[in-house]
Amino acid sequence: MHAGPLPEGVQRVLVTGGAGFIGGAVVRRLLKHSPAQVFNLDKLGYASDLTSIEQLPQAAERHLLMPVDLADAAATAEAVRLADADLVLHLAAESHVDRSIDGPAAFIDSNILGTFHLLQAVCAHWERLPQERQQRFRFHHISTDEVFGSLGASGRFSESTPYDPRSPYSASKAASDHLVRAWHHTYGLPVVLTNCSNNYGPWQFPEKLIPVVILKALAGQPIPLYGDGANVRDWLYVDDHVDALLLAATCGALGQSYCVGGHGERSNRQVVEAICAQLDQLQPQGAPHGRLITLVPDRPGHDRRYAIDSSRITVELGWRPKHSFEQGLEATVQWLLEHQNWCARVLMQAGYAGERLGQRSCLALPTAAWKLVESRLRF
Ligand code: NAD
Ligand code: DAU
């Protein structure tokens with residue numbers, strides 16, 4: 001183990017997706033707590049924002065934005081060549097399940113094709129490195145627990161759980177995990193993988209459950225709870241995820257994956273009620289915020305329950321989350337109350353006004369086709 005977030009000799013770090021929620025937290029950590037030069041490769045999509053990075057004094061000297069889409073193989077290869085990295089942290093991905101239901105193509109392009117292009121470029125870079133840097137080099141692929149599918153009332157996902165992805169998003173992430181492992185086994189690329197549960201915290205684009213609920217409640221609008229509200233997620237505060245992934249990236253065993261979870265299993269109803277209770281304290285003029293909770297039609301293919309057994313990363317690398325769900329949620333609610341202007345700005349820039357996403361069903365196609373057949377028959 002090493003004292004700071006990076007071992008000695010790791011001077012140049014390439015972070016993909018560093019303009020997003022988790023990647024941004026990684027970049028900020030590296031700028032604040034290591035001397036590394038940080039290369040931030042990001043296509044600057046709808047969920048990207050650099051405010052939290054650019055406000056750091058360290059960013060002026062040690063943060064270089066590379067506005068590149070991983071779907072562009074040539075631009076990706078050039079960026080990887082220029083970054084000349086000792087460590088690659090691959091977070092860039094389309095990340096919202098609901099959007100993957102509405103438009104799966106972007107998920108195939110970014111998460112599968114993009115990872116393929118990155119692996120090709122990184123492998124070429126790694127093969128050209130002098131021996132000492134080659135031995136130190138690591139490629140860390142940041143993935144999700146959703147690749148394992150959906151749990152019943154009991155059990156937890158671990159590193160040996162078979163893959164069973166069920167949404168276009170999770171299928172695209174599963175494919176990218178397989179590509180990364182294949183590049184390790186076939187070409188010897190030194191890789192580490194992590195599969196993490198639901199993150200929350202400051203600077204999260206307000207389309208995911210926790211920021212959506214807080215903003216809807218503050219606006220006095222209906223708080224949408226999908227289905228019966230009993231689906232369960234394992235919530236992890238984003239800074240705890242950053243601890244885990246830097247530890248795995250630098251101390252993890254090559255070719256190994258580590259499951260990361262928050263010991264924070266809650267049903268969606270419990271999460272929403274906890275947020276409403278906090279807002280009742282902090283914004284009593286809107287109380288009781290719970291009156292806004294509204295059951296809405298379920299997400300198609302909605303995974304019922306996720307839970308993580310993170311014993312491997314705890315036993316082998318000594319990681320454990322520092323924030324309880326209650327502590328993390330309190331910090332997040334407070335942060336959102338203080339950053340409502342930022343939320344309004346990023347939502348406006350993304351052209352997203354908080355409307356329901358992920359309602360499209362492929363069943364609409366056969367129905368439309370059937371109506372056509374019916375009308376022809378009548379004719
Ligand atoms: P995010 O949507 O906030 O950010 C993703 C970033 O990646 C964005 O800035 C986007 O522009 C960039 N990106 C997407 N496609 C790209 C492409 N083709 N080329 C270059 N950049 C591209 O996502 P996040 O929540 O920060 O998630 C980051 C990673 O962590 C993802 O790989 C996700 O699958 C994984 N993950 C997320 C969670 C979670 O709860 N948010 C949990 C486990 C794992
Ligand atoms: O498990 C890790 C995954 O967690 C990550 O890989 C994904 O990138 C991340 O988006 C997240 O996926 P989820 O689909 O679990 O997150 P989301 O915040 O979209 O939804 C959490 C739960 O809340 C889910 O059961 C759906 C439900 N939900 C969501 C929204 C946006 C609602 O009930 N109402 C809502 O408005």
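Student: Which residues of α11 are buried?
Tutor: In this predicted model, the buried residues of α11 are N268, V271, V272, I275, C276, Q278 and L279.

Student: Where do they sit around the axis of α11?
Tutor: They cover an arc of only 165° around the axis, which puts them on the same side of α11.

Student: What span should α11 have, at 1.5 Å a residue?
Tutor: Helix α11 runs over residues 268–282, which is 15 residues, and should span 21 Å. Its end C-alpha atoms are 21 Å apart, which agrees.

Student: And α1, how many of its residues are buried?
Tutor: 10 of the 13 residues of α1 are buried, so the helix is mostly covered by the cut-off of under 20% relative accessible area. The buried ones are F21, I22, G23, G24, A25, V26, V27, R28, L30 and L31.

Student: How far does α1 reach from its first C-alpha to its last?
Tutor: α1 reaches 18 Å, close to the 18 Å expected at 1.5 Å a residue.

Student: Switching to ligand 1. How many residues surround it?
Tutor: 29 residues surround ligand 1, and the closest are D42, S48, S95, Y169 and K173.

Student: How do the residues of that shell divide into nonpolar, polar and charged?
Tutor: The shell around ligand 1 has 13 nonpolar, 11 polar and five charged residues.

Student: What lies 2.6 Å from an oxygen atom of ligand 1?
Tutor: An N or O atom in the side chain of D42. The side chain of S95 also has an N or O atom 2.8 Å from an oxygen atom of the ligand. With G20 the atom is a backbone N or O, 3.2 Å from a ligand oxygen.

Student: How much of ligand 1 does the protein bury?
Tutor: Taken alone, ligand 1 exposes 830 Å², and the protein buries 95% of that.

Student: Which elements give two or more residues to its shell?
Tutor: Those are α1 (21–33), β5 (138–144), α8 (168–187) and β7 (198–200). The largest share, three residues, comes from β5.

Student: One more topic: T76. Where does it lie?
Tutor: T76 lies in helix α4, which covers residues 73–83.

Student: Is T76 buried or exposed?
Tutor: T76 is buried, as its relative accessible area is 0%.

Student: What lies 2.7 Å from a polar atom of the T76 side chain?
Tutor: The backbone oxygen of D72.

Key. Residues are numbered from 1 along each chain as its sequence is written. Chains are lettered from A and ligands numbered from 1 in the order in which they are written. This is a predicted model: local features need pLDDT of at least 70, side-chain atom pairs count only at pLDDT 80 or more; totals for chains, interfaces and linings use all residues. Side-chain values use heavy atoms; hydrogens and water are left out. A residue is near a molecule or strand if one of its heavy atoms lies within 4 Å of it. A polar contact is a pair of N or O atoms within 3.5 Å; within protein, one must be able to donate a hydrogen and the other to accept it, and residues adjacent in sequence count only if both atoms are side-chain atoms. Accessible areas come from the Shrake-Rupley method with a 1.4 Å probe; for residues, only the protein chains shown count as cover. Helices (H or I, at least four residues) and strands (E, at least two) are DSSP runs, numbered from the N terminus. Ala, Val, Leu, Ile, Met, Phe, Trp, Tyr, Cys and Pro count as nonpolar, Asp, Glu, Lys and Arg as charged, and the others, Gly among them, as polar. The expected span of a helix is 1.5 Å times one less than its number of residues. Buried means under 20% relative accessible area, exposed over 50%, partly exposed in between (1.4 Å probe, protein chains only). The arc is that of the directions from the helix axis to the C-beta atoms.
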